[in-house]
Amino acid sequence: MSDSIETSRAEYETSGAAPAPQTAEAPPAGGEPEPAVEAYDPGAPAPLGVERVPTGHAGVDARLERLADADHLPADGHLEVYEDVHRGLRDTLTALDARPEDSYNHRS
């Protein structure tokens, strides 16, 4: 057995209490604490990493950029963003189908 295990066993036998757990990491030099590492939370919002390629149409590109807002929301907040984007894209398509006003005056 290693010396640390035997030392821990000896401390336990003389004090009657279990030894404190030993950590493998030494305290940082300079006395400054290390920044806390955030634990991975699988239920936390996370970006999907889907690249949005510009289409060249300013209205459509603005709506597609709005999708990035969903990356930082929990799943129950996605619906509002998706509906807003869908409504905007539908309005843009509808505007493409509308005929421009007839500027030619049909006088004889």
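The pLDDT, which is the predictor's confidence in each residue on a scale from 0 to 100, has a mean of 75 over the chain of this predicted model, and 59% of the residues reach 70 or more. Among the elements of the chain, helix α3, which spans residues 75-97, has the highest mean pLDDT, at 92, whereas the lowest mean, 57, belongs to helix α1, formed by residues 3-15. Where pLDDT is low, the predicted coordinates should not be read in detail.

Helix α3 packs with helix α2 (residues 58-66) at an angle of about 170°, the two axes lying 9 Å apart. Since angles over 145 degrees count as roughly antiparallel, the two helices are therefore roughly antiparallel to each other. On the α2 side, the contact is made by V60, R63 and R66, which meet V81, D84, V85, G88, L89 and T92 of α3. By class, this contact comprises four nonpolar, two polar and three charged residues.

The largest pocket of the model has a volume of about 180 Å³, and its lining is formed by A46, L48, G49, V50, R52, L67, A70, D71, H78 and Y82. Of these lining residues, six are nonpolar, while two are polar and two are charged.

Note on methods: Residues are numbered from 1 along each chain as its sequence is written. This is a predicted model: local features need pLDDT of at least 70, side-chain atom pairs count only at pLDDT 80 or more; totals for chains, interfaces and linings use all residues. Side-chain values use heavy atoms; hydrogens and water are left out. Axes are lines fitted to C-alpha atoms, for helices over the stretch in contact, and angles run from 0 to 180 degrees between N-to-C directions. Helices (H or I, at least four residues) and strands (E, at least two) are DSSP runs, numbered from the N terminus. Angles under 35 degrees count as roughly parallel, over 145 as roughly antiparallel, 65 to 115 as roughly perpendicular and the rest as oblique. Contact means heavy atoms within 4.5 Å. Ala, Val, Leu, Ile, Met, Phe, Trp, Tyr, Cys and Pro count as nonpolar, Asp, Glu, Lys and Arg as charged, and the others, Gly among them, as polar. On a 1 Å grid over the protein atoms alone, a cavity is a set of points where a 1.4 Å probe fits but cannot get out, and a pocket is an open set with protein on both sides within 12 Å along at least five of seven lines; lining residues have an atom within 4 Å of a point. Grid points are joined across faces, edges and corners, and a volume is the space filled by probe spheres set on the points.
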